[in-house]
Amino acid sequence: MSHLIAPSILAADFANLQKDCEMVNDSQADWFHIDVMDGVFVPNISFGMPVIKAIKKHAKKTMDVHLMIVDPDRYIKTFKEVGADILTVHYEACTHLHITLQAIKAEGMQAGVALNPHTSVDLLKDTIKDIDLVCIMSVNPGFGGQSFIENTYDKVRELKSLIESKGADTKIEIDGGVNSQNAPKLIEAGADVLVAGSFVFRSENPMDTIIGLKNCYFPLR
Ligand code: DX5
Ligand code: ZN
C-alpha cells in the first residue's frame, strides 16, 4: 500500500471551510485530519462538535479525528454521531486505554492512539493488536506550525518492529511539522500516514503540495 496523506484542517481557513474541504476532496489526499483541543490536555482550544458536523457535510473522504482532550471516553458516541471514521485518543489521557479502545470499536470506528514526543512506543506492546492506528506526535501537541522533532525517525522504526513482532495490522501516522524534507525519510522509516497542516495550507498551491507529499517528489520551490 502506498502511504496516505491527511491534510490537517487546523491550518485551513475557518471562514472558508467549505472551500478548503472541497480542495481536499478534489486533491490526491486520502483523509481529513481533524484536531480537537480542549485547553486542558493541551494549552489551546481548537473547535468542537458543531464545526466537525459542518466539515462532515462537505468532506467526501475518511474523517480522522485526533482528540487532544482529557477523559475522551465521555465523548466517544458523540464523535461517532458527528462523523468520525477514525477516533484517536492520547495514551497520556487514558487511565484504562484498553477499555477506551474497545468502546471506540463498539461504535464502529477505527481506534487510534497518539503518543506525545516523550512517550515511548514500548508502552504499547500489550495493546498494539487492538490498535488500528498509532499517531506518533512529531511536535508537542497543541499548535500547528511547529518544528519537526528529529527523534521521530527512531520512534517510527521501533514502532514498525513492534508491529511486525506482534503480527499486528496497525498503521503508523506522523503528526506535526511534516514537510518535503522529512516526508521521504518518514516513509522510508515505515510511516503509513502523513498529517500535514501548515505545509499544505500555507503553500502557494495546496493541491500540488499534496501531490508532492503523496508521490514524495518535490520540485524545487
Ligand atoms: C498538533 C496537531 C497537528 C497539527 C499539525 O497538535 O495535532 O495535527 O495540525 O500541523 P503542522 O503540520 O502545521 O505541524
Ligand atoms: Zn493532529
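Strand E2 contributes the most to the shell around ligand 1, namely three residues. Helices (H or I, at least four residues) and strands (E, at least two) are DSSP runs, numbered from the N terminus. The model is predicted, so to speak of local features requires pLDDT of at least 70, and side-chain atom pairs count only at pLDDT 80 or more, while totals for chains, interfaces and linings use all residues. Residues are numbered from 1 along each chain as its sequence is written, chains are lettered from A and ligands numbered from 1 in the order in which they are written, and side-chain values use heavy atoms, with hydrogens and water left out.

The shell around ligand 1 holds 20 residues, and the closest are Ser-8, Asp-35, Asp-175, Gly-197 and Ser-198; a residue is near a molecule if one of its heavy atoms lies within 4 Å of it. At least two shell residues come from each of strand E2 (31–37), strand E3 (62–68) and strand E8 (193–196). By type, the shell has eight nonpolar, 10 polar and two charged residues, with Gly counted as polar.

Oxygen atoms of ligand 1 meet the protein in several places. A side-chain N or O atom of Asp-35 lies 2.7 Å from one oxygen atom of the ligand. For Ser-8, a polar side-chain atom is 2.8 Å from a ligand oxygen, and for Gly-197 a backbone N or O atom is 2.8 Å from a ligand oxygen. On its own, ligand 1 has 390 Å² of accessible area, and the protein covers 99% of this (Shrake-Rupley method, 1.4 Å probe).

Next comes the space itself. Ligand 1 sits in the largest pocket, where sitting asks that more than half of its atoms lie within 2 Å of the grid points. A pocket is an open set of points on a 1 Å grid where a 1.4 Å probe fits, with protein on both sides within 12 Å along at least five of seven lines, and lining residues have an atom within 4 Å of a point.

Finally, Ser-46 belongs to the loop between E2 and helix H2 (49–58). Its side chain reaches the backbone oxygen of Asp-35 at 2.8 Å.

Key. A polar contact is a pair of N or O atoms within 3.5 Å; within protein, one must be able to donate a hydrogen and the other to accept it, and residues adjacent in sequence count only if both atoms are side-chain atoms.
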